[in-house]
Amino acid sequence: MNYSDTLRFVYEKLDRLGDLPVFSTTVNRIQQVSSSEESDAMALAMAIMKDANLSAKILKIANSSTYHRGGAAITVVSRAVVLIGFKKIKNICLTLKLVEGFHKNHPDINTPGLLMRAFLNANIASDLAIRSHHVSDAEEAYINALLYGLGEIVIAHTMPSVYRKMLVERKKAELPWRKIQLKMLGGTFSDLGQDLARSWGHPPSVVHAMSVKSEFIEGDHAAQIAGLSYQLLEQLYDLDEHGDHPYGELVDDLGTVTGLDADQIGETALRCYQKVSQMASDYGLSCASMARKYTPSGHEAKDELMRQMAFITAQSGSVDDDVQGVVELDDEQTPSAEQQLDYLHQVTEMINQGEALPTILKTVIEAMAGCTQLDRVQLCLLNRGGTRLEPKMSDGDAIEPLQRYFSRSKDGSNNDMFFRVIARGATLLVSDIDENGWHERIPADFIQQVRCQGFVVAPIVVKERVIGMLYGDRLKGHGALDEQDFKVFSQFASQARLALLNA
């Protein structure tokens with residue numbers, strides 16, 4: 001395939017598929033921020049900039065004729081947010097496709113990994129820019145680095161069968177990665193990213209940054225940092241086997257551009273890796289998107305950094321030692337990750353299509369019960385005065401005692417603990433009721449009537465008003481409530497809040 005054919009196919013496929021996929025957690029977060037009266041443009045911009053594809057879309061719209069009526073190009077997301085407006089951005093986010101949906105259809109292609117590495121590159125570049133005396137705008141360095149790998153993300157999304165063949169070729173290690181791109185696409189990822197960014201109206205500085213590799217460009221430090229940090233990650237992930245820019249030279253060049261020494265650059269990369277690894281875990285990704293196995297290279301500084309990265313990954317529990325790519329969950333011990341993604345996709349689609357609120361909430365409750373080891377899940381709502389709780393939806397075993405207990409009025413006694421918890425708007429997790437002195441702090445009638453081993457309460461706050469709570473627990477004798485169940489419960493609680501915000 002020659003390059004013009006590739007470009008034409010990509011444009012046609014994007015027209016059919018719609019927008020590039022983003023993480024559902026990003027969409028949820030943006031809905032929350034954009035709906036809060038206390039949020040400002042920078043808060044919304046920070047939520048958007050956690051996703052490369054969404055950042056590209058927002059910059060594209062900001063530089064379109066609809067919003068941009070002349071003057072300097074919009075190069076940073078915070079300015080784009082002010083120009084487009086909160087409401088419009090909220091509507092844009094609701095129409096975007098989910099990366100989880102793409103990954104479900106193509107589980108062998110680590111698209112989440114590509115997006116998370118784009119975020120890692122952006123974090124490293126912006127942190128280096130902040131510490132450097134040579135870069136005046138850290139946000140510009142962030143955007144340049146975030147979108148640097150746009151071409152590869154687009155090919156993985158629009159031409160998955162071709163991208164698979166390219167990965168097979170790279171694994172053979174017979175050709176440099178750049179030559180494989182030229183052979184299979186007729187051009188490079190950088191060429192494609194630049195053409196797309198240019199056609200979408202991205203500013204010249206962003207387009208130009210995608211082509212910057214090892215050459216030093218006087219006065220263009222933000223673009224230089226983006227290109228060098230991208231190559232640094234290729235080295236650390238062993239993705240540039242034939243690269244002509246060795247690790248030591250890369251670090252030296254970054255030192256020249258930023259004014260930082262090798263230790264400072266390594267510390268920045270490690271700190272950002274830890275931050276983004278935690279974010280990947282929070283997103284509940286079904287693949288080990290931040291996985292980095294430790295394979296010594298013979299370069300002392302590089303090997304030490306890779307060893308520490310591998311340790312962070314192992315500590316987070318995000319990688320199975322026997323599996324690369326998808327994290328397989330034991331069906332006899334934990335619910336299916338695929339089932340969780342199915343529910344996330346289903347709920348988000350229901351929200352996007354304006355499905356009736358009771359139907360969405362019923363699906364959320366069903367998902368909480370089906371995707372965790374929780375024995376019971378319940379939605380309770382407060383009356384307008386905040387003086388009475390009423391159970392509305394439940395799922396699980398032994399529901400009656402739960403419904404009886406939470407059908408209650410506030411009486412001013414210690415029994416009002418749950419009213420106080422949800423009034424504060426903070427989630428309460430009690431992993432094991434028999435530990436940490438919980439028996440003395442929890443109402444005796446709750447312990448006697450509900451008979452649970454561990455529980456979690458997530459207040460539902462809509463536009464600063466507490467309207468109720470989501471509750472989940474494990475029955476007495478069924479074991480403590482673990483961290484994975486808490487994460488899944490919290491993820492679907494966010495979906496419930498989003499549905500209520502859009503009701």
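Trainee: How much of the protein counts as buried?
Mentor: Of its 503 residues, 53% count as buried. Keep in mind that this is a predicted model.

Trainee: If I look at contacts between residues at least 6 apart in sequence, what share joins residues at least 24 apart?
Mentor: That share is 66%.

Trainee: OK, let's zoom in. At what angle do H8 and H10 pack?
Mentor: Helix H8, residues 111-131, and helix H10, residues 150-158, pack at about 165°, and their axes are 10 Å apart.

Trainee: Why do you give me both an angle and a distance?
Mentor: Because two packed helices are described by the angle between their axes and the distance between those axes.

Trainee: So what do we call the arrangement of H8 and H10?
Mentor: Angles over 145 degrees count as roughly antiparallel, so H8 and H10 are roughly antiparallel to each other. Their crossing is left-handed.

Trainee: Which residues make that contact?
Mentor: On the H8 side you have Leu114, Leu115 and Ala118, and H10 brings Glu152, Ile153 and Ala156. By class, that contact between H8 and H10 has 5 nonpolar residues, no polar ones and 1 charged.

Trainee: Staying with H10 for a second, is threonine 158 buried or exposed?
Mentor: Threonine 158, which sits in helix H10, has 0% relative accessibility, so it counts as buried.

Trainee: What does threonine 158 touch, leaving out residues up to four places away in sequence?
Mentor: With those left out, threonine 158 touches Phe9, Val10, Lys13, Leu14 and Leu17.

Trainee: New pair of helices! How do H9 and H15 cross?
Mentor: The axes of helix H9 (residues 138-146) and helix H15 (residues 221-236) come within 8 Å and cross at roughly 40°. H9 and H15 are therefore oblique to each other, and the crossing is right-handed.

Trainee: Who's making the contact there?
Mentor: H9 puts in Glu140, Ala141, Asn144 and Ala145, while H15 puts in Ala222, Ala223 and Ala226. Sorted by class, the contact of H9 with H15 has 5 nonpolar residues, 1 polar and 1 charged.

Trainee: How far is alanine 223 from histidine 208?
Mentor: They're 15 residues apart in sequence and 7.5 Å apart in space, going C-alpha to C-alpha. Histidine 208 belongs to helix H14, residues 204-209, and is partly exposed, with a relative accessible area of 31%.

Trainee: Where does alanine 173 lie?
Mentor: In the loop between helix H11 (160-172) and helix H12 (177-185). Alanine 173 is partly exposed, at 38% relative accessible area.

Trainee: And what about phi at arginine 451?
Mentor: Arginine 451 also isn't a glycine, and its phi is positive, near 50°. Arginine 451 lies in the loop between helix H24 (444-450) and strand S5 (452-462), and it is exposed, with a relative accessible area of 52%.

Trainee: Last one: is serine 494 buried or exposed?
Mentor: Serine 494 has a relative accessible area of 18%, so it is buried. The cut-off for buried is under 20%. You'll find serine 494 in helix H25, residues 483-501, and it touches Asn28 and Gln32, not counting residues up to four places away in sequence.

Terms used
Residues numbered from 1 in each chain as written. Predicted model: local features only at pLDDT ≥ 70, side-chain atom pairs only at ≥ 80, totals over all residues. Heavy atoms only, no water. Axes fitted to C-alpha atoms, helices over the stretch in contact; angles between N-to-C directions. Helix = DSSP H or I, 4+ residues; strand = E, 2+ residues; numbered from the N terminus. Parallel < 35°, antiparallel > 145°, perpendicular 65-115°, else oblique. Left-handed = near helix turned anticlockwise from the far one by under 90°. Contact = heavy atoms within 4.5 Å. Nonpolar A, V, L, I, M, F, W, Y, C, P; charged D, E, K, R; others polar. Buried < 20%, exposed > 50% of the residue type's maximum accessible area, 1.4 Å probe, protein only.
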